[in-house]
Amino acid sequence: MATKLSKGLIAGLVIGGLILFGIVWMISVRNSLVTNEEQVEQAWSQVENVYQRRLDLIPNLVKTVQGAAEFEKGTLESVIEARSKASSIQMDPTNLTEENLAAFEQAQSQVSSALNRLMVVVERYPELKATQNFSELQAQLEGTENRIAVERKKFTETVKAYNVKVRRFPANIVASLFGFEKKAYFKAAEGAEKAPEVDFEF
């Protein structure tokens, strides 16, 4: 009788221990996923900051260009319009879907294209290029573009690490139970491996 009780007790302790281990493991994995998700949101915040810095530089750039020369109106309008469209897109870091990120990236790409066209046109105005204000703004824009590339890379790496954890067994079970889903990240544009061709003729 005592032997049966001791066997039952041991079996109960083993089962209880396994259940406890499972609960502790589940909590640990969930906490790890929460940490990774927070890192993704923090990385996205840095991406937004550098893109916002670029948008903040545009009004001063436009004002400087307008004040320095009889500048092409259409070129300036395209920059202003692209900035306005990009400013209107607000991204929720908890909802980084491919569709949302594609819309954000397309708007920012239009800003980049408009700024590139502006800089090409500026080549026709050496007196404008020579002004200190324009030179400083150009240097700030170039620095911001570099920061954008760095923060995009960090964000993509952070999202990839999170997505791997969400999909990898057995953590994917916990991710599914608690609603952790894959997040979108920046992908290289098609043809990005080729050097861009710049056409200086309009």
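Glu105 is partly exposed, with a relative accessible area of 23%. Here buried means under 20% relative accessible area, exposed means over 50%, and partly exposed lies in between (1.4 Å probe, protein chains only). The model is predicted: local features need pLDDT of at least 70, side-chain atom pairs count only at pLDDT 80 or more, and totals for chains, interfaces and linings use all residues. Residues are numbered from 1 along each chain as its sequence is written, and side-chain values use heavy atoms, with hydrogens and water left out.

The side chain of Glu105 meets that of Arg152 in a salt bridge, at 2.9 Å from N to O. This pair links distant parts of the chain: Glu105 sits in helix H3 (residues 98-122) and Arg152 in helix H5, 47 residues apart. Helices (H or I, at least four residues) and strands (E, at least two) are DSSP runs, numbered from the N terminus. A salt bridge is a side-chain nitrogen of Lys or Arg within 4 Å of a carboxyl oxygen of Asp or Glu. By this rule the count comes to five salt bridges. Side chains of opposite charge can pair when their charged atoms come close.

A salt bridge also joins the side chains of Arg54 and Glu145, at 2.9 Å from N to O. Arg54 lies in helix H1 and Glu145 in helix H5 (residues 132-167), so the pair links distant parts of the chain, 91 residues apart. Arg54 is buried, with a relative accessible area of 0%. Glu145 is partly exposed, at 31%.

Lys183 forms a salt bridge with Glu37, at 3.3 Å from N to O. Again, distant parts of the chain are linked: Lys183 is in the segment after helix H6 (171-177), and Glu37 is in helix H1 (residues 2-68), 146 residues apart. Lys183 is buried, with a relative accessible area of 7%.

Asn163 lies in helix H5 and is buried, with a relative accessible area of 5%. Asn163 touches Lys182, Lys183 and Tyr185, not counting residues up to four places away in sequence; contact means heavy atoms within 4.5 Å.

Aromatic rings were examined next. Rings of Phe, Tyr and Trp (its six-membered ring) pair if their centres lie within 6.5 Å; planes under 30 degrees apart count as stacked, over 60 as edge-to-face and the rest as tilted. A search of the whole structure finds five aromatic pairs. Tyr51 and Phe104 form an edge-to-face pair, 5.3 Å centre to centre, with 85 degrees between the planes. Tyr51 belongs to helix H1 and Phe104 to helix H3, 53 residues apart. Both are buried. Phe155 and Phe186 are also edge-to-face, 5.6 Å centre to centre, with 70 degrees between the planes. Phe155 is in helix H5, and Phe186 is in the segment after H6, 31 residues apart. Phe155 is buried at 0% relative accessible area, and Phe186 is buried at 5%. Ring pairs link Trp44, Tyr51, Phe104, Phe155 and Phe186 into a cluster.

The surface carries a nonpolar patch formed by Phe21, Trp25, Met26, Phe169, Ile173, Leu177 and Phe178, with about 740 Å² of accessible area together. H1 and H6 are the elements that give two or more residues to the patch. Patches are made of residues with over 30% relative accessible area and no salt bridge; like charges are joined within 9 Å, nonpolar side chains (Val, Leu, Ile, Met, Phe, Trp, Tyr) within 5 Å. Accessible areas come from the Shrake-Rupley method with a 1.4 Å probe; for residues, only the protein chains shown count as cover. Leu177 lies in helix H6 and is exposed, with a relative accessible area of 57%.
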